[in-house]
Amino acid sequence: MRITEKISTTQLAIVISSALFGQYSLTYPKIIAGAAGTAAPLMTVAGTCCAAFSLFVFTRLSQRFSDQTIFDYSQGVIGKFPSLLANILVFACFFMSSALLFRQFGEVLSTVVFRKTPIEMSILMIVVLIAFSCRRNAVKFSYVLLFYWPFVILPFLFVIMMATKSVRPLNLLPLLGNETPKWPQALLSPASLYLGAFIVTVLLPVTEKPRQALKAAMLGIAVTGCLYLLLVVSTIGIYGVQETLQLLYPTLEMARSIAIGGDVIERMDALFIIMWVINVYTTMYTMYYITSLSLSHLFKLQDHRLVTTLLMPLLFGVSLLPQDQFQLYSISRITDESGYLFLTGYGLFLWITSLIRRKGGRSHA
């Protein structure tokens, strides 16, 4: 049945921005500081440019098949069996990323908020919530992200602005770092933050003007990239590289240090962690939605709602496999970075193949 509801290109930009920001907002400054030192802001910009290229590829590819998702048109571009294998890998990528993201959510809640609550309960709660949220079509999925966008962006922007008065410019020097950055990790760490950019290959069929989707996509990732850059500059600018590496959640510590009105209002971390839960919800929602869509296409189901329920015990079980936080973040880094490389390579391969074979090319106004 043809979808009659559509989203505008402005809404598409907001949805992309909402979907991309949040996954590692508490720990990213520590990750990039370890890989690049004081060159962290520069490498954040470079990694965001890499992610923008991936999003450019996804958008251009989808514009050639603006009435289909990538799971539909990939078969016509590269054949039945290659597309089946590729879609299995897409599912595996987002399945693992979703499971590990649920575990990270549980770790934060167990460490910061619910210290006496078993981590299994925190993970189970969010898995059930996300699973039932995903029982929607692409348009209603977009509306959910649109609704939460102010709660995703504005609290972090507020915290960053309040923290800038404590920034020491010397902590950010030299701009190129004291040592040569670990280039693969320094580039892939920020680039893999934008794994959810793949959502554009699902949303373009429900976009009113696919020809303008590229501008919307670039605007969405630019907003998110600026937030990550400000986050890194403010955190490292306040604590310096070495102290940032010693903090478990540097962004949360930065929120704790904020005082407003001559210390009348302080300890903003309680409010901040509430907004962070909403922030991470949109990212997990996006990852789970792509996971369920990819699996439903593998099973050739018309409706993905059944799949969202079937995935719950699987994701819950896999999320409990890492033995500790060190192992969790090590596996997450490998999964996200390899997933980013695969998805970018797959999208580029489909795009080039479609140009050579002259497949698609129709983009509705």
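In this predicted model, Gly-347 touches Val-57, Phe-58 and Leu-61, leaving out residues up to four places away in sequence. Gly-347 is found in helix 14, which covers residues 325-356. The glycine is buried, with a relative accessible area of 1%. Its C-alpha atom is separated by 22 Å from that of Gln-185. Along the chain, Gly-347 and Gln-185 are 162 residues apart.

Phe-58 is also a contact of Phe-198. Beyond its neighbours within four places in sequence, Phe-198 is in contact with Ile-70, Phe-71, Val-90 and Phe-94 as well. Ile-290 and Leu-343 complete the list. Phe-198 belongs to the largest nonpolar core, a set of 119 residues. Phe-102, Ile-130, Phe-198 and Tyr-288 have the most contacts inside this core.

Helix 3 spans residues 40-63 and holds Thr-48. At 13% relative accessibility, Thr-48 is buried. The threonine touches Tyr-194, Ile-221 and Gly-225, again leaving out residues up to four places away in sequence. Ile-88 lies in helix 5, residues 80-113. Ile-88 is partly exposed, with a relative accessible area of 38%. From Ile-88 to Met-284 the C-alpha distance is 20 Å. The two residues are 196 positions apart in sequence.

Helix 7 (residues 138-163) packs with helix 12 (residues 269-298) at an angle of about 145°. The two axes are 9 Å apart. The crossing is left-handed. On the helix 7 side, the contact is made by Ala-138, Lys-140, Phe-141, Val-144, Leu-145, Tyr-148, Phe-151, Val-152, Pro-155, Phe-156 and Val-159. Helix 12 contributes Phe-272, Met-275, Trp-276, Ile-278, Asn-279, Tyr-281, Thr-282, Tyr-285, Thr-286 and Tyr-289. By class, the contact has 17 nonpolar residues, three polar and one charged.

The structure holds zero disulfides. Cys-50 is in no disulfide, and the nearest cysteine sulfur, that of Cys-49, is 7.1 Å away. Cys-50 is partly exposed, at 28% relative accessibility. Cys-134 is buried, with a relative accessible area of 0%. Its sulfur is 16 Å from the closest cysteine sulfur, in Cys-93, and that is too far for a bond.

Most residues other than glycine have a negative phi, and most peptide bonds are trans. The peptide bond from Leu-173 to Pro-174 is cis, with omega near -10°. Pro-174 is found in the loop between helix 7 and helix 8, the latter covering residues 183-191.

Lys-300 has a positive phi, near 60°, and is not a glycine. This lysine sits in the loop between helix 12 and helix 13, where helix 13 covers residues 305-319. Lys-300 is exposed, with a relative accessible area of 64%. Arg-358 likewise is not a glycine and has a positive phi, of about 55°. Arg-358 lies in the segment after helix 14. The arginine is exposed, with a relative accessible area of 75%.

Key. Residues are numbered from 1 along each chain as its sequence is written. This is a predicted model: local features need pLDDT of at least 70, side-chain atom pairs count only at pLDDT 80 or more; totals for chains, interfaces and linings use all residues. Side-chain values use heavy atoms; hydrogens and water are left out. Axes are lines fitted to C-alpha atoms, for helices over the stretch in contact, and angles run from 0 to 180 degrees between N-to-C directions. Helices (H or I, at least four residues) and strands (E, at least two) are DSSP runs, numbered from the N terminus. A crossing is left-handed if the near helix is turned anticlockwise from the far one by less than a right angle, and right-handed if clockwise. Contact means heavy atoms within 4.5 Å. Ala, Val, Leu, Ile, Met, Phe, Trp, Tyr, Cys and Pro count as nonpolar, Asp, Glu, Lys and Arg as charged, and the others, Gly among them, as polar. A disulfide is a pair of cysteine sulfur atoms within 2.5 Å. Buried means under 20% relative accessible area, exposed over 50%, partly exposed in between (1.4 Å probe, protein chains only). A nonpolar core is a set of buried Ala, Val, Leu, Ile, Met, Phe, Trp, Tyr and Cys residues joined through side-chain atoms within 4.5 Å.
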